[in-house]
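This briefing goes through selected features of one protein chain, grouped by topic. Please keep the sequence and the structure at hand while reading.

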Amino acid sequence: MQELLERKKGLHRTILIVDDEFVEREMLGAMLNDLYEIKFAENGVLALDIIRQNKLTLSLIILDLHMPELDGYSLLKIIRADSELRRIPVIVLTAEKGAEVESLQLGAADFITKPYDVPDVIRARVSHSIELAENSIIIHETERDSLTGLFNKEFFFEYGKRLDNQNNMPMDAIVLDINRFHMVNELYGRAYGDLILKKIGNSIHDLVLRTGGLACRSGSNTFGIYIPHLENLTEELSEYIKKINEGIETQKISVRMGIYSDDGTPMDMEHRFDCARLTCRKLRNSYETCYDFYNAELHSKELHEERLINDMDKALAEKQFKVFYQPKYSIKGEKPVITSAEALVRWFHPEFGMVSPGAFISLFENNGLIQKLDRYVWNEAAAQIRLWKDKYDKYIPVSVNVSRVDVFNPKLCEILTDIAKDNGLSTEKLLLEITESAYTDNSQQIIDTIKNLRDNGFKIEMDDFGCGYSSLNMLTSLPIDALKLDMKFIRNICSNQKDYRLVEIMIEIARLLEVPVIAEGVETKEQLDLLKKACCDIIQGYYFSKPLPADEFEKLLEA
Ligand code: C2E
Ligand code: CA
């Protein structure tokens, strides 16, 4: 702390000179402007504006008592009545003897008499008042947390901001939380809990003494630490962590720390602590003492995801989600023919452009939003089947993806049946792709749900087959109508004999189950030929076509 204070000396501080007389303002300014940054105001009203805008970044106000509009006395009263502004020292300018006492009583730090003393005297008084105010800020007892002796949160931020304004040192922000502190209180009583807080407070105090900086208790078991940037912060923290449990005889205390490490990006203190707090929050549920550094990239990904979540409802209402169709070709006959299509959703976001499902499906699965989106896609797909039937007098079955989250919805069958009915379709026109891993999640309940769907006429395709670790004996009892091989098995069938053999085995399993096999992700003629050789039934992949908007898909149909 001492070192820090030393460094602060001689750095630029800002002084506000308030005087209605131009010449006087300029004279004073000229005496001080080589040491300080100077702001001027020609009356009390303008001064108050500047004070309110700059608050504690002002190190001192030099105030003339006699001015039009708002005079110096009134301004002084306003400043003293404000709990924040009162920390700014004020020196009054006066020519009358009596005014000195009155202004000191009103809380002025000092006075300068007109006509002015020699410049050196004025500079000494100014510097003395600033120093007094800054030092008093550090020892003010009401600004401390009574239990740990660290600063309280409000003062911590106020002082930290002031520090940042006075010097431009890179600073690291750390938020420290005690893991499961409520348990310490519950198991050993509040008095013991207080003891732990004091101990942690002391160790933090040692840390800021060693590194320079300041610390506060910001919540019941949360601490803020603001220290000059350290290249070896990790070592410093490891040392610190080693000592946390020294002398603690009951269960071990563990803490978590979120760190914002200054990388030169201009950022204010509060924002740094937001980042540190966010990082700390992510370490929740850990049992060991641990720390992590704020990662801007990760954070912006999270912000982006948050945006997607927030924008979802509006996007549904505005039909920003579009369903694309990728054809599936039967390769059993002479020439490949389209047998059905898979509906794949895309999001045309007004700001981000086209967003592919990889960016939002699992995000929406994590918070349940997927159910709304899927229902929308199922509806669109059903309406499309209807439209094509009316246009070409032919049913083109469409498969829709059913998320593992949907499968837990007891009303799933009802919802899908209603969608088919609303579009004048029998249920077997809507094929349902359910990922293999959903079967292994909670087998019996899911198998029952899927059985129910089949009993109601829906056709079930097991998606991503080969990735979900179905046991072989379970496979025979699975209610399915087709197997879709996961595309990662197809990728290397031309170059890797073992992959090809694996695909052959999976196709044999399908034969055993008496269901057709769909290979997806087929991109080349060579892959197609090998799959044909292995007796695969249906092919989906870029070799034939990418997923297409409905109108482009129609061109394929017409061709
Ligand atoms: P999926 O069900 O395995 O769908 C196949 C994915 O492979 C699609 O990606 C498709 O565009 C892509 N693909 C097709 N042929 C090829 C190929 O030859 N090469 C390569 N490299 N890729 C090919 P997409 O459309 O990005 O969808 C990704 C995943 O998002 C889907 O994987 C599916 O799990 C999910 N998804 C898409 N739409 C929906 C939806 O409406 N609801 C739900 N729940 N999930 C969806
Ligand atoms: Ca699929």
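A residue counts as buried when its relative accessible area is under 20%, and as exposed when that area is over 50%. By that cut-off D64 is buried, because its relative accessible area is 4%. The model is predicted.

**Domains**
- The domain assignment divides the protein chain into domain 1 (2–142), domain 2 (151–294) and domain 3 (312–558).
- Between the C-alpha centres of domain 1 and domain 2 the distance is 35 Å.

**D64**
- Strand 3, which covers residues 58–64, contains D64.
- Apart from neighbours within four places in sequence, D64 has contacts with V18, D19, D20, G72, L93 and K114.

**T14**
- T14 belongs to strand 1, residues 14–18.
- T14 has a relative accessible area of 15%, and a residue under 20% is classed as buried, so T14 is buried.
- Once neighbours within four places in sequence are set aside, the contacts of T14 are E37, K39, T57, L58, S59 and L60.
- One of these contacts, T57, is 43 residues away from T14 in sequence, while the C-alpha to C-alpha distance is 6.9 Å.

**Largest nonpolar core**
- The largest nonpolar core holds 81 residues, and those that touch the most other members are F321, Y325, F360, F364, L373, Y439 and L531.
- Helix 14 (residues 370–392) supplies the largest share of this core, with nine residues.
- In soluble globular proteins, nonpolar side chains tend to be buried together.
- F360 is in contact with L308, F321, V345, W347, V355 and L373, leaving out neighbours within four places in sequence.
- Two names on that contact list, F321 and L373, are also among the core residues that touch the most other members.

**Largest pocket**
- The space in the largest pocket comes to about 860 Å³.
- Its lining consists of 34 residues, and E342, L344, P357, N401 and D463 lie nearest the centre of the pocket.
- Two or more lining residues come from each of strand 13 (337–349), helix 13 (361–367), helix 14, strand 15 (398–402), strand 16 (430–435) and strand 17 (459–465).
- Strand 13 contributes the most to this lining, with five residues.
- By class, the lining residues are 14 nonpolar, nine polar and 11 charged.

Note on methods:
Residues are numbered from 1 along each chain as its sequence is written. Chains are lettered from A and ligands numbered from 1 in the order in which they are written. This is a predicted model: local features need pLDDT of at least 70, side-chain atom pairs count only at pLDDT 80 or more; totals for chains, interfaces and linings use all residues. Side-chain values use heavy atoms; hydrogens and water are left out. A nonpolar core is a set of buried Ala, Val, Leu, Ile, Met, Phe, Trp, Tyr and Cys residues joined through side-chain atoms within 4.5 Å. Buried means under 20% relative accessible area, exposed over 50%, partly exposed in between (1.4 Å probe, protein chains only). Helices (H or I, at least four residues) and strands (E, at least two) are DSSP runs, numbered from the N terminus. Contact means heavy atoms within 4.5 Å. Domain bounds come from an automatic or database domain assignment. On a 1 Å grid over the protein atoms alone, a cavity is a set of points where a 1.4 Å probe fits but cannot get out, and a pocket is an open set with protein on both sides within 12 Å along at least five of seven lines; lining residues have an atom within 4 Å of a point. Grid points are joined across faces, edges and corners, and a volume is the space filled by probe spheres set on the points. Ala, Val, Leu, Ile, Met, Phe, Trp, Tyr, Cys and Pro count as nonpolar, Asp, Glu, Lys and Arg as charged, and the others, Gly among them, as polar.
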